[in-house]
Amino acid sequence: MLAIHRWASRVATVQAVVHSIIYTITYVWTGGYAAYRTEAAMAYYWWGIIATVVLCLSVGFAVLPVRLRSYEIFLITHIAFAILALMGCWYHIHLRFGDKWGYKVWLYIAFAFWAFDRLMRFARLVYHNCFGSPMAVVKQVPHTEIIQMTITLKKAWKVKPGQHSFLYIPLLGKPWENHPFTIASWTSSESSRNSPAIADRSAGKEAEVHGSEIDSSSSSQHTQDSRQPHQLVCLMRARKGMTASLLSKLQRSGASSLPVSILTEGLYGGHNATLSPLKTADTIICIAGGIGITSCMSFLQQYVNESQSAESTSKALMSCANNFVLAWSAREESLIRHVSASLLPDASLGFPSKTIEYRFWCTGENGSQDKGLEQASGLQRGRMNVGEVVRSVAEKGRRVVVVACAPGGMSDEVRAAVVGCLRDGMPVDLIEEAFAW
């Protein structure tokens, strides 16, 4: 949907520019510059110019560097430009044609879609927070700019892999700002019963790996948190804007964790059409780059939950899968250590006829050279060879699903590897999760 939205907008903008050029040339050819100046002085013409210029600005301000560096500026300008563009189109048509030819119908459709979207998002915000807003605890992953947010819900959500939620943090002084964050993992009373060893391992091994970086109070707090029902965990990289303000507030507090009140719109994404290839997969391999691990973690949790669940396999999303491979490349070794110790299930726990394999690559500095971690998790130094990783699990006669959440260049490598396997007769499907908005 993001791809459709972006390309439809780009095409519409190009059409608006071409429309303006054609009519400018037409007026000059038919009546000379005098005729063009007369027409350009009319109000409808100016509103058309405004709409075209604003559409171009909207596309320009929506490029990836702007979205990454300042999501808030992108979001505010994007909404403002959209409103101004629709206003320009309305007056351009109304002053020139009135109600003739039905041109306004297209604008009515645009107004209706946008109004419905805004209304439904507000309704979801009220519904999910009307009985009290969820509480969250944020903590910084040591030696990184990554924030881990653990959200305690008032009631359980039925989470699917790859889902995200828009979060608001009024504490930061801008209650209208919201960001989409992927749900990395979740706990509930049911999932705790299915996999109690995972929570116990997470608390103990986190203190062991980080040593003096985590004191006894934060360790016991993690033990309590991991056993509480109805929790969501998100990982977010602090850039500018809301996430940077949140990290700054946490650091100024001087505490290892900071409780905050949040607002949420509930869950989006995780559509059955997207996840349908998982139902027939024999092997699932998740390839993550950097903070893209958040999306892949949700697929791993679904696999673990279903492996230990007593429910019928006919209802399971990954009913045929018996092998799960997580391949992750990240710059920060500290992030890899934290996630592998605190948030990932132990691959050696073992499930009936089910296997989990971890492959980690650290592309940054060597850091602490923790040999224990390298041996336990298969941590390698340097860049992941995506083609080799995909080929290592693909084989004829076994259906493989590749889940990718990585930066653009790495995602391109994943697609190329999948296409290569298909050319060689290996049944491979691809599910690509959005890495950046």
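Asp 412 counts as partly exposed, at 42% relative accessibility. The model in which this residue is seen is a predicted one. Salt bridges that share partners bring Asp 412 together with Arg 415 and Glu 432 in one network.

**Salt bridges**

Side chains of opposite charge can pair when their charged atoms come close. The count for this model comes to 12 salt bridges. Three of them are set out below.

| Salt bridge | Closest N and O atoms |
|---|---|
| Glu 357 and Arg 359 | 2.8 Å apart |
| Arg 399 and Asp 429 | 3.4 Å apart |

In the pair of Glu 357 and Arg 359, Glu 357 counts as partly exposed at 32% relative accessibility. Arg 359, with 15% relative accessibility, counts as buried, because the limit for a buried residue is under 20% relative accessible area.

Arg 399 forms its salt bridge with Asp 429. This pair links distant parts of the chain, the two residues being 30 residues apart: Arg 399 is in the loop between helix 14 (386-393) and strand 13 (400-405), whereas Asp 429 is in strand 14 (residues 428-432). Arg 399 is partly exposed, with a relative accessible area of 33%. Asp 429 is also partly exposed, with a value of 25%.

Strands of a sheet pair through backbone hydrogen bonds, either parallel or antiparallel. In this model, five strands form an open sheet in the order 5-6-2-1-7, and their pairing is antiparallel. Strand 5 (185-187) and strand 7 (258-261) stand at the edges; each has a single partner strand, so one side of each is left without a neighbour in the sheet. From one strand to the next, the twist averages 25 degrees.

The partner of strand 7 is strand 1 (residues 135-140), to which it is joined by four bridges, the two running antiparallel. Val 138 has Leu 258, in strand 7, as its bridge partner. Helix 11 (residues 293-308) packs on the sheet, where it touches strand 5 and strand 6 (231-237). The direction of helix 11 makes about 40 degrees with that of strand 5.

**A nonpolar surface patch**

Which residues form a nonpolar patch on the surface? They are Ile 79, Ile 83, Leu 84, Met 87, Tyr 91 and Leu 95, and together they have about 460 Å² of accessible area. One of them, Ile 83, is found in helix 4 (residues 71-97). Ile 83 is partly exposed, with a relative accessible area of 41%.

**The chain as a whole**

The secondary structure of the protein chain comprises 15 helices and 14 strands. The chain has 437 residues, of which 44% are buried. Its accessible surface comes to about 21,800 Å², and 61% of that surface belongs to carbon and sulfur atoms. Of the contacts with a separation of 6 or more, 76% are between residues 24 or more positions apart.

Technical notes:
Residues are numbered from 1 along each chain as its sequence is written. This is a predicted model: local features need pLDDT of at least 70, side-chain atom pairs count only at pLDDT 80 or more; totals for chains, interfaces and linings use all residues. Side-chain values use heavy atoms; hydrogens and water are left out. Buried means under 20% relative accessible area, exposed over 50%, partly exposed in between (1.4 Å probe, protein chains only). Contact means heavy atoms within 4.5 Å. Accessible areas come from the Shrake-Rupley method with a 1.4 Å probe; for residues, only the protein chains shown count as cover. Patches are made of residues with over 30% relative accessible area and no salt bridge: like charges are joined within 9 Å, nonpolar side chains (Val, Leu, Ile, Met, Phe, Trp, Tyr) within 5 Å. A salt bridge is a side-chain nitrogen of Lys or Arg within 4 Å of a carboxyl oxygen of Asp or Glu. Two strands pair if DSSP finds at least two bridges between them. Axes are lines fitted to C-alpha atoms, for helices over the stretch in contact, and angles run from 0 to 180 degrees between N-to-C directions.
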